[in-house]
Amino acid sequence: MSHPATDPHEGAPLRAPQILDLVRTLPDHSGFPTVDELHESFEALARSTDRVGRRRIGTSRLGEPIHEFVVGDGPHQAVIVGGVHPNEPIGSWTALHLAEMMLEDDGPAEALATTWHIVPTIDPDGMRLNEDWFADPFDRSHYSRHFYRPAPDSQVEWTFPTDYRDAYFDTVLPETLALMRLIDDVRPDLLVTLHNGEMGGVYYYLSHDEPELIADLHAIPDALGLSLDTGEPESPHLRTLATAVFAMDHISTYYEYLESIGLDPAPQIRGSSSASWGARHDALCLVAELPYWTHPDAGDETPTSEPYRDLVLRTAETMGASGEALQQILDEAERHLSLRTPYLEASRAFVPMLGAIAETDRRRAPLEPAERRATVAEQFACEDLVRCFRLRYGGMLLQAIEAETRAGIAPAPLRALRERMAALYEEWLADAATEATPIPMRTLVGVQLGAVIAGAAHVAATRPTRDAPSADLPVPGDGGAS
């Protein structure tokens with residue numbers, strides 16, 4: 001899907017340049033905090049001052065309490081949620097530095113007009129399964145080998161209710177229910193779920209087309225030395241608001257897109273996103289997607305000699321073949337697997353998904369104009385998506401099998417499958433992108449934190465204040481709630 005030839009949002013100066021002064025002072029980090037470290041940092045803030053409110057909002061599936069921390073007392077309400085995808089921990093630092101920034105005497109004016117309801121991580125169980133790579137996140141081999149992403153029906157971000165034509169979902173997770181209640185209690189003006197990607201440039205999702213905010217979102221990464229992502233969007237159905245800014249449309253948009261290319265939408269659509277729930281209160285929903293690595297091809301809009309439709313078909317075949325290889329190993333392993341680990345649950349969901357992605361691309365490719373040439377950025381993005389998915393999901397399948405071999409309960413056929421999967425995985429690692437450059441953590445957190453503050457500044461400038469939320473909610477200075 002191409003971006004607009006001209007973008008009315010580009011070239012505008014940042015309306016609040018002091019945002020950059022703030023994010024440029026952030027400390028750098030070599031890795032990510034563990035769940036315990038993150039929680040202890042927030043608990044320490046709550047113990048150190050009466051300017052932080054605290055309330056338990058729910059319980060994880062494995063019994064861990066989930067809390068919100070409330071900082072600030074401005075008339076506008078913002079809900080900031082980390083760990084909605086527990087393999088995306090840039091937001092851990094963003095959430096913590098936002099809370100710390102609000103406790104400074106000279107805190108940013110853009111943020112002072114806001115009461116911040118911060119959930120450090122909404123899925124602590126899933127995030128703990130990623131901690132093995134948190135200390136060394138920029139080695140792609142190490143990262144992929146220890147990666148965990150929950151199956152779609154176990155992701156907080158994508159388990160909100162759906163009821164559209166033949167697509168229906170109501171299997172809401174306990175963590176999702178906690179977030180639903182928080183959103184309904186607070187009725188936020190701004191809802192930010194903290195995400196990140198892997199490779200390329202910066203891109204955003206917005207629930208409303210807000211040109212002035214989009215100009216700020218473009219200016220922040222540019223000022224911090226990061227490029228916008230001009231390659232392939234995450235899904236071909238996405239509606240482009242501006243370069244690297246996509247609309248958070250209702251699930252019906254995806255449903256109707258799949259139907260338009262001859263696919264049955266119902267099996268592919270499950271839960272809706274947090275933005276769908278935020279829309280009940282007309283919240284401005286914002287997501288800033290940041291990569292760990294950048295690559296010289298990721299922002300190169302030079303046309304190549306390859307027709308775009310040929311690129312889509314070529315990478316679809318590679319994606320499909322990768323999925324078939326993983327499916328064959330999973331099918332052979334199933335009869336020997338006795339441990340129902342999260343890695344196995346995720347593998348059963350994601351391995352077939354590779355084939356579904358390939359089929360979607362095969363259906364849509366002939367609809368693309370024959371004369372359009374793919375750009376270097378699109379070529380790189382399509383090719384690296386294959387690398388990303390087979391490293392992610394091949395790594396999780398390998399971990400599912402190794403849970404049995406490490407426990408000493410794997411029969412000989414399963415041990416042989418482990419060796420076969422490991423050899424295939426080494427081939428895929430060798431094919432991973434070269435020339436990828438890790439991005440300093442300070443820069444990544446700075447862009448995400450800058451986007452959050454820009455969103456709050458936009459809300460303060462454009463929206464009237466509402467009635468205060470429920471008196472049952474904690475406020476700074478009341479000692480919080482347990």
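1. A pocket, in the sense used here, is an open set of grid points with protein on both sides within 12 Å along at least five of seven lines. In this predicted model, the second largest pocket has a volume of about 270 Å³. Of the 15 residues that line the second largest pocket, Leu62, Asp125, Leu129, Tyr148 and Pro342 are the closest to its centre.

2. As to where this lining comes from, the elements that give two or more residues to the second largest pocket are helix H5 (124–128) and helix H12 (342–364), and H5, with 3 residues, gives the most. Sorted by class, the lining of the second largest pocket comprises 7 charged, 5 nonpolar and 3 polar residues.

3. The structure holds 2 cavities of 30 Å³ or more, and the largest cavity has a volume of about 50 Å³. Its lining is made up of Pro75, Gln77, Val186, Arg187 and Asp189, together with Arg466, Asp467, Ala468 and Pro469; by class, the lining of the largest cavity divides into 4 nonpolar, 4 charged and 1 polar.

4. Strand S8 (residues 203–206) deserves a point for the way its side chains are arranged. Tyr203 and Tyr205 point one way from S8, whereas Tyr204 and Leu206 point the other way, and all are buried. In a regular strand the side chains alternate between the two faces of the sheet.

5. The strand pairing of S8 can be read on two sides of the record of bridges. With strand S11 (residues 284–289), S8 pairs in the antiparallel sense over 4 bridges, and the bridge partner of Tyr204 in S11 is Ala288. With strand S10 (residues 245–247), S8 runs parallel and is joined by 3 bridges; here Tyr205 stands opposite Phe246 in S10.

6. How many disulfides does the structure hold? The structure holds 0 disulfides. Cys388 is accordingly in no disulfide, and the nearest cysteine sulfur, that of Cys382, is 13 Å away, whereas a disulfide requires the two sulfur atoms to be within 2.5 Å.

7. Burial of two of these cysteines can be stated against the cut-off. Cys388 counts as buried because its relative accessible area is 10%, buried being defined as under 20%. Cys285 likewise counts as buried, since its relative accessibility is 2%.

Key: Residues are numbered from 1 along each chain as its sequence is written. This is a predicted model: local features need pLDDT of at least 70, side-chain atom pairs count only at pLDDT 80 or more; totals for chains, interfaces and linings use all residues. Side-chain values use heavy atoms; hydrogens and water are left out. Buried means under 20% relative accessible area, exposed over 50%, partly exposed in between (1.4 Å probe, protein chains only). On a 1 Å grid over the protein atoms alone, a cavity is a set of points where a 1.4 Å probe fits but cannot get out, and a pocket is an open set with protein on both sides within 12 Å along at least five of seven lines; lining residues have an atom within 4 Å of a point. Grid points are joined across faces, edges and corners, and a volume is the space filled by probe spheres set on the points. Ala, Val, Leu, Ile, Met, Phe, Trp, Tyr, Cys and Pro count as nonpolar, Asp, Glu, Lys and Arg as charged, and the others, Gly among them, as polar. Two strands pair if DSSP finds at least two bridges between them.
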